[in-house]
Amino acid sequence: MTNIQEPDARALRITEAVVGRVDPGRLDLPTPCGTWTLGELLAHMTGQNHGFATAAGGELHGREEWRDRPVGDDPAGAFAASAAEVTAAFAQEGALEREFWLPEVRGGKWFPGVVAVGFHLVDYVVHGWDVAASLGVGITFDEELLAAALVVAEQVPTGAVREREGSAFAPALEVPAGSEVLDRILRVLGRDPHWTAD
């Protein structure tokens, strides 16, 4: 998909709207993302946005660009700023023709821009859902966006790599016949669509 920046930008906007509902006093809420609290998840998401924005420049860089960035008492503002940064970076002329250095993927590799933005898209569909589930609210992504994310999600390696400590995704769950696309994405990437904080 050559225009993957568009669904990615939409995923960020939808996620940003959900993050805007986060009460700064409730950053200790649990999330579906392993043992992370909501504050830890948002710090990760904000840091990843900065890392991907740096990668879009096409230069080699270290893991420090990807470090978690605590959101303090303004989670909505911190995330919105990071979302604007990465959206602008992906929209640069020629961004998708460049290779992105992703130091946290497969021990550090260069990836075509389209592939890297696809990784980011899947992250923000799943993490947007994580935030919504943590808050106990709904989140709705459009069909085109989800179709693009599913293609990428189904290419994420499975097997023993998912069982290692620090793996980006838990082992895949069974996908019942007739599952909606968002549920399929979540299950393929090890999330239970029915997760609740209780």
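Helix axes here are lines fitted to C-alpha atoms over the stretch in contact, and angles run from 0 to 180 degrees between N-to-C directions. Helices (H or I, at least four residues) and strands (E, at least two) are DSSP runs, numbered from the N terminus. This is a predicted model, where local features need pLDDT of at least 70 and side-chain atom pairs count only at pLDDT 80 or more, while totals for chains, interfaces and linings use all residues. Residues are numbered from 1 along each chain as its sequence is written, and side-chain values use heavy atoms, with hydrogens and water left out.

**View A. Helix α1 against helix α3 (residues 75-91).** The two axes sit 10 Å apart at an angle of about 175 degrees. That makes the pair roughly antiparallel (angles over 145 degrees). On the α1 side, look for Q5, D8, A9, L12, T15, E16 and V19; they meet P75, A76, F79, A80, A83, V86, T87 and F90 of α3. Sort the residues of this contact and you get 10 nonpolar, three polar and two charged.

**View B. Zooming in on F79 of helix α3.** Skip the neighbours within four places in sequence, and F79 is in contact (heavy atoms within 4.5 Å) with L12, T15, E16, V19, M45, T46, N49 and Y124. T35, by contrast, is 21 Å from F79, C-alpha to C-alpha, and 44 residues from it in sequence.

**View C. The largest nonpolar core.** A nonpolar core is a set of buried Ala, Val, Leu, Ile, Met, Phe, Trp, Tyr and Cys residues joined through side-chain atoms within 4.5 Å. Two or more residues each come from α1, α2 (38-55), α3, β1 (99-102), α4, α5 and α6. Helix α4 gives the most, with 11 residues. Sequence neighbours within four places aside, V125 is in contact with A11, F141, L145, L146, A149 and L182.

**View D. Helix α5 (residues 143-153) and its buried residues.** L145, L146, A148, A149, L150, V152 and A153 are the buried ones. They pack against α1 (5-19), α4 (113-135) and α6 (181-188). At the start of α5, a side-chain oxygen of D142 comes to within 3.2 Å of the backbone nitrogen of E144.

**View E. H127 in helix α4.** H127 counts as buried, at 7% relative accessibility. Leaving out residues up to four places away in sequence, H127 touches C33, L41, H44, M45 and R191.

Definitions and conventions. Buried < 20%, exposed > 50% of the residue type's maximum accessible area, 1.4 Å probe, protein only. Polar contact = N/O pair within 3.5 Å; in protein donor to acceptor, adjacent residues only side chain to side chain. Parallel < 35°, antiparallel > 145°, perpendicular 65-115°, else oblique. Nonpolar A, V, L, I, M, F, W, Y, C, P; charged D, E, K, R; others polar.
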